[in-house]
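Have a look at the structure first, then read on.

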Amino acid sequence: MNYHSTRNKEISCTAGQAIIKGLSPDGGLFVPDFIPEFSLDEISKMAQMTYKERAYAVLSKYLTDFSEDDLKNCIASAYTKQKFGTDSIAPSYRLRKGEYILELWHGPTCAFKDMALQILPHLLVTSIKKEGVNKEVVILVATSGDTGKAALEGFADVDGTRISVFYPNDGVSKTQKLQMVTQSGNNVNVAAVNGNFDDAQSGVKAIFTDKDFENLANTHNFMLSSANSINWGRLAPQIVYYFSSYADLIKGQEINCGEKINIVVPTGNFGNILAAYYAKKMGLPVNKLICASNSNNVLTDFIETGIYDRNRKFNLTISPSMDILISSNLERFLYDVSGNNNQEIADYMKKLAEDGKYEVSDKIKQKLAEIFSAGFASDDETKQTIKAVFDKYGYTMDTHTAVAYAVYKKYVSKTNDETKTIIASTASPFKFSSSVMQALTGDNSYGKNMDEFDILEALSEKSEEKVPKALQELKTKPVIFDVTCQKDELMQVIKDFLRL
Ligand SMILES: *Cc1c(COP(=O)(O)O)cnc(C)c1O
């Protein structure tokens, strides 16, 4: 199967090339030439498969230029019990009959980014070998938190790669910082940038566009790449867990094969919910996709009105990984529902860049209404939801998952839809322990001026769940990276790292 750009069908390449390039040279995103399908019979067979086998079934339909051995090796290296703590990799927790929490956070950083970033390095290295590129890949990341750590964990000690992460000195939480500066691995590098996230991101972008640096890196056999969320190699692995969850529900006799389900996704950049949409197009029996936002509700308005308008106040919320006003992956969805009309998509994206706003056609509006329902939850509603679910079921959710659950409850009271429902859970509650403890105790000052590890302990006691090992270990892990650089010194940091 080949891939082409959402903005120009003439730009075409293999899956391996799409993964190496990340973004199409015209600024569009790579999409598969067609969406492959599964029959109900094939889906019912997944019930007896392991997560790795399900991953192979789904990914082999998209990465057709990978040999069976290569793809199986990538999957085997990524989804291990050692890294995810469970053979099921992404278990579905039954809250009650008809409501299932798809836990996507059992990976090494306790958040759902691991589902894709554990396998991406292997897909990338395989692609590079396959395309005959004889270079070591250097991944550069500017991070506002979760992605940097997940990328470090994914790339650490992967042969043929190096990774350098920059985080803003004022812009990540204490735990996030500790997670990064204690990272081990013989190919990793971490530095703080004196400034905010934009400073770190601009610095990294400047390196990517510097021709002299590219040439210098080239002569030393290095190739720069990024691991951001629009890479096809991050999206495709996310389709797997929707099939896997459905297969688990069949296996547990919670649903019959063919029975339609709803899927609720706490959404930021639109990657996770787009993967659910692709799963639906591939034949997964889905009734509604429910797009859940926090008070940065640009997507709620878009799905309800067909007008995308990013000209609004940016809110800092207790579900920070969803504090986003431009959802890049939406472009892939629009392209698909426009009937692969690249001119139409190019026009929308031009308007978005120029005016921060566009309105889609009536045809797309109708599709939006057919496929999605949307809603949002405020911080207060999110906290109330954490408390209510805990009191009723003894289950502790993180703030992002609680946004999804709150929006789901609003959907049910509006529609009386009793379709069985999977709620995507994107982070461990321990990752956002202060907010979760505030919700559970009702004390909004909880955790202020308290040691991070004491909060983890308190949450562990309250929730009767163990603190995840990866977070617990931070207390005693040695700090390996204590470099802080100025905004204009990022290039030097990379040069030192690569000994250029
Ligand atoms: C990244 C992230 C999201 C948003 O996912 P998208 O694919 O960007 O929509 C939601 N929750 C958590 C915890 C995340 O890290």
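S460 counts as buried, with a relative accessibility of 16%; buried here means under 20% relative accessible area, exposed means over 50%, and partly exposed is in between (1.4 Å probe, protein chains only). This is a predicted model, so local features need pLDDT of at least 70 and side-chain atom pairs count only at pLDDT 80 or more, while totals for chains, interfaces and linings use all residues. Residues are numbered from 1 along each chain as its sequence is written, and side-chain values use heavy atoms, with hydrogens and water left out.

S460 sits in helix α21 (residues 452-463). Helices (H or I, at least four residues) and strands (E, at least two) are DSSP runs, numbered from the N terminus. Setting aside neighbours within four places in sequence, S460 is in contact with F430, E465, K466 and V467, where contact means heavy atoms within 4.5 Å.

A217 belongs to helix α11 (residues 211-219). Is A217 buried or exposed? At 1% relative accessibility, A217 is buried. Again leaving out neighbours within four places in sequence, F222 and L500 are in contact with A217.

Here are two C-alpha to C-alpha pairs from these spots:

| Pair | Apart in sequence | Apart in space |
|---|---|---|
| S460 and S433 | 27 residues | 9.4 Å |
| A217 and L498 | 281 residues | 8.7 Å |

Now for two helices. Why is α8 (residues 146-155) described as largely enclosed by the rest of the structure? Because 8 of its 10 residues are buried. Those buried residues are D146, G148, K149, A150, A151, L152, G154 and F155. Their cover includes the helices α6 (113-117), α7 (120-130) and α9 (174-181), along with the strands β6 (136-142), β7 (161-168) and β8 (188-193). After α8 comes D157, with a positive phi near 60 degrees.

Helix α13 (residues 271-281) is also largely enclosed by the rest of the structure, because 9 of its 11 residues are buried. The buried ones in α13 are G271, N272, I273, L274, A275, A276, Y277, Y278 and A279. G283 follows α13 and has a positive phi, near 115 degrees.

On to the cysteines. How many disulfides does the structure hold? There are 0, counting a disulfide as a pair of cysteine sulfur atoms within 2.5 Å. For C74, the closest cysteine sulfur is in C13, 17 Å away, which is too far for a bond. C74 is buried, at 3% relative accessible area, and C110 is buried too, at 5% relative accessibility.

Finally, the whole chain. The protein chain has 23 helices and 16 strands. With 500 residues, a compact globule would have a radius of gyration near 23 Å, and the 22 Å of the protein chain agrees with that; the radius is taken over C-alpha atoms, and the globule rule is 2.2 Å times the number of residues to the power 0.38. The C-alpha trace spans about 65 × 55 × 50 Å along its principal axes. Buried residues make up 57% of the 500. Of the contacts with a separation of 6 or more, 74% are between residues 24 or more positions apart.
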